[in-house]
Amino acid sequence: MIKIFCFLKRRPSADFYAFREYFRGEFVRDVLASDPDRAISRIVTNYVLEQNVRPPTNADGHHWDAVAEVYVDDEQAAERLVNDRAFVAAHFVRPDMVIEISHSVVLETTVIDQSPPLTAPKVFGFFRNSLPLGNPMSREEMGRRWEEHVVRMREKGLGGLLTGFQQNRTLIPYHSVNPRYDYDGASIIWCESVEVSEQLYKSYEAEQAYIASSAEMGGTPGDCYYVRTDFVESYRRAG
């Protein structure tokens with residue numbers, strides 16, 4: 001399944017809760033309106049939990065405040081949208097709320113699916129291994145090592161703890177226009193409860209056991225960025 005990660009960074013002067021409401025409402029309507037060909041089939045909105053956002057671990061100390069998962073019909077539709085001025089402009093309708101944006105085009109693969117409810121606690125683990133740090137590798141090699149990690153997860157019997165696990169591989173030739181957000185992939189994990197999610201989020205040892213780490217795949221731990229989202233809401237294409 002092909003989707004677009006749309007990253008938004010909140011303008012520092014914008015209220016956290018006002019930004020969240022904008023993202024869940026106006027932003028979604030503006031993005032859908034920018035797609036007259038109706039290539040977008042679904043939008044899932046995610047924003048970070050205010051009191052539990054771990055300080056970013058990437059090299060420049062940067063982080064985003066919200067990410068939308070925009071599902072599209074195929075790779076061609078995704079490429080068309082991210083290069084379409086109307087689609088990009090839809091992210092900047094409210095410059096009083098948004099200071100920076102970017103996009104990644106990814107292939108989503110479900111690894112564990114126990115039908116988690118949409119609003120189940122959800123953890124993102126974004127990482128990039130092709131940086132010129134540590135032991136950089138190609139996206140092809142990263143993919144192979146990621147598959148090995150998935151096997152290890154299954155061997156540990158994590159299905160009883162996690163209610164869902166997705167791989168999201170950035171398409172091999174695709175690189176984000178904004179290098180801050182040029183991730184090579186992302187793990188998305190659903191947990192059975194907020195308590196389990198917080199355990200994963202706050203415990204470094206637990207994260208290394210359950211969440212794909214760039215260190216395991218040959219990168220450097222500092223290139224990994226984990227964040228927990230507080231809420232997700234889905235908008236589906238009518239018809």
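Me: In β3, which residue is the bridge partner of Tyr47?

Reply: The model is predicted, so local features need pLDDT of at least 70 and side-chain atom pairs count only at pLDDT 80 or more, while totals for chains, interfaces and linings use all residues. Residues are numbered from 1 along each chain as its sequence is written, and side-chain values use heavy atoms, with hydrogens and water left out. Strands (E, at least two residues) and helices (H or I, at least four) are DSSP runs numbered from the N terminus, and two strands pair if DSSP finds at least two bridges between them. Strand β2 (residues 40-48) runs antiparallel to β3, with 7 bridges joining them, and the partner of Tyr47 in β3 is Ala66.

Me: Which residue of β4 stands opposite Lys3?

Reply: Strand β1 (residues 2-10) pairs with β3 (residues 66-72) in the antiparallel sense over 6 bridges, and there Lys3 has Tyr71 as its bridge partner. β1 also pairs with β4 (residues 98-113), again antiparallel, over 9 bridges. In β4, the residue opposite Lys3 is Val106.

Me: How many residues of β3 are buried?

Reply: Buried means under 20% relative accessible area, exposed over 50%, and partly exposed in between (1.4 Å probe, protein chains only). In a regular strand the side chains alternate between the two faces of the sheet. In β3, Ala66, Ala68, Val70 and Val72 are buried on one side, and Val67, Glu69 and Tyr71 are buried on the other. The count for β3 is 7 of its 7 residues.

Me: Why is β1 largely enclosed by the rest of the structure?

Reply: One of the bridges of β1 to β3 joins Cys6 to Ala68. β1 is largely enclosed because the buried residues number 8 of its 9.

Me: With which side chains does the side chain of Glu69 make polar contacts?

Reply: Glu69 lies in strand β3 and has a relative accessible area of 1%, so it is buried. Leaving out residues up to four places away in sequence, it touches residues including Lys3, Arg42, Asn46, Lys122 and Gln166, where contact means heavy atoms within 4.5 Å. A polar contact is a pair of N or O atoms within 3.5 Å; within protein, one must be able to donate a hydrogen and the other to accept it, and residues adjacent in sequence count only if both atoms are side-chain atoms. The partners of the Glu69 side chain are the side chains of Asn46, at 3.0 Å, and Lys122, at 2.8 Å.

Me: What is the phi of Arg38, a residue that is not a glycine?

Reply: Arg38 lies in the loop between α1 (16-33) and β2. Its relative accessibility is 45%, so Arg38 counts as partly exposed. Most residues other than glycine have a negative phi. Arg38 has a positive phi of about 55 degrees.

Me: How far apart are the C-alpha atoms of Glu69 and Val106?

Reply: Glu69 belongs to β3, whereas Val106 is in β4. The two residues are 37 residues apart along the chain. Their C-alpha atoms are separated by 9.8 Å.
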